[in-house]
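Trainee: I am new to this one. Can we go through what the labels rest on?

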Amino acid sequence: MGRFGSGGSGGAVTVYWRPGCVFCIKLRTQLRVARIPYRKVNIWRDPDAAAFVRAVADGNETVPTVVVGDHAPMVNPSLAQIRQALADG
């Protein structure tokens with residue numbers, strides 16, 4: 001997955017987001033409450049990250065887009081989907 005994957009760190013969670021996105025706020029809050037560590041990437045500040053999101057979201061900048069370890073990117077996933085990806089390793 002290159003720059004946007006986990007880099008081999010197993011269960012690392014990366015959340016691609018943008019300011020003002022209520023779905024991003026909700027998911028990030030759920031991750032904090034669940035005590036799931038994550039790295040956040042603002043696609044409005046990182047053109048390469050925005051291009052990555054467009055590549056996995058049918059040309060759209062749909063956020064949150066989440067990468068868990070070496071799993072395929074998930075567009076607007078639920079907390080349950082993220083937990084499952086973490087459990088799958």
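Mentor: Start with contact: it means heavy atoms within 4.5 Å. Keep in mind that this is a predicted model.

Trainee: What is Arg28 in contact with, leaving aside its neighbours within four places in sequence?

Mentor: Val15, Trp17, Tyr38 and Lys40. Arg28 itself lies in helix α1, residues 22–33.

Trainee: How do you know that Arg28 has no salt bridge?

Mentor: A salt bridge needs a side-chain nitrogen of Lys or Arg within 4 Å of a carboxyl oxygen of Asp or Glu. For Arg28, the nearest side chain of opposite charge is Asp46, 14 Å away. So Arg28 has no salt bridge, although it is buried.

Trainee: What makes Glu61 and Arg54 a salt bridge?

Mentor: Their closest N and O atoms are 2.5 Å apart. The cut-off is 4 Å, so the pair qualifies. The count by this rule comes to 1 salt bridge.

Trainee: Why is Glu61 called partly exposed?

Mentor: Its relative accessible area is 34%. Buried means under 20% and exposed over 50%, so Glu61 falls in between. Arg54, at 33%, is also partly exposed.

Trainee: Which residues make up the largest nonpolar core?

Mentor: There are 12 residues in all, including Trp17, Cys24, Ile43 and Phe52. The elements giving two or more residues to this core are β1 (13–17) and α2 (47–56). The largest share, 4 residues, comes from α2.

Trainee: What does Trp17 touch, not counting residues up to four places away in sequence?

Mentor: Cys24, Arg28, Lys40, Val41, Asn42, Ile43 and Val63. A second, separate core has 11 residues, among them Val15, Leu27, Met74 and Leu79.

Conventions: Residues are numbered from 1 along each chain as its sequence is written. This is a predicted model: local features need pLDDT of at least 70, side-chain atom pairs count only at pLDDT 80 or more; totals for chains, interfaces and linings use all residues. Side-chain values use heavy atoms; hydrogens and water are left out. Buried means under 20% relative accessible area, exposed over 50%, partly exposed in between (1.4 Å probe, protein chains only). Lys and Arg count as positive and Asp and Glu as negative; His and the chain ends are not counted. A nonpolar core is a set of buried Ala, Val, Leu, Ile, Met, Phe, Trp, Tyr and Cys residues joined through side-chain atoms within 4.5 Å.
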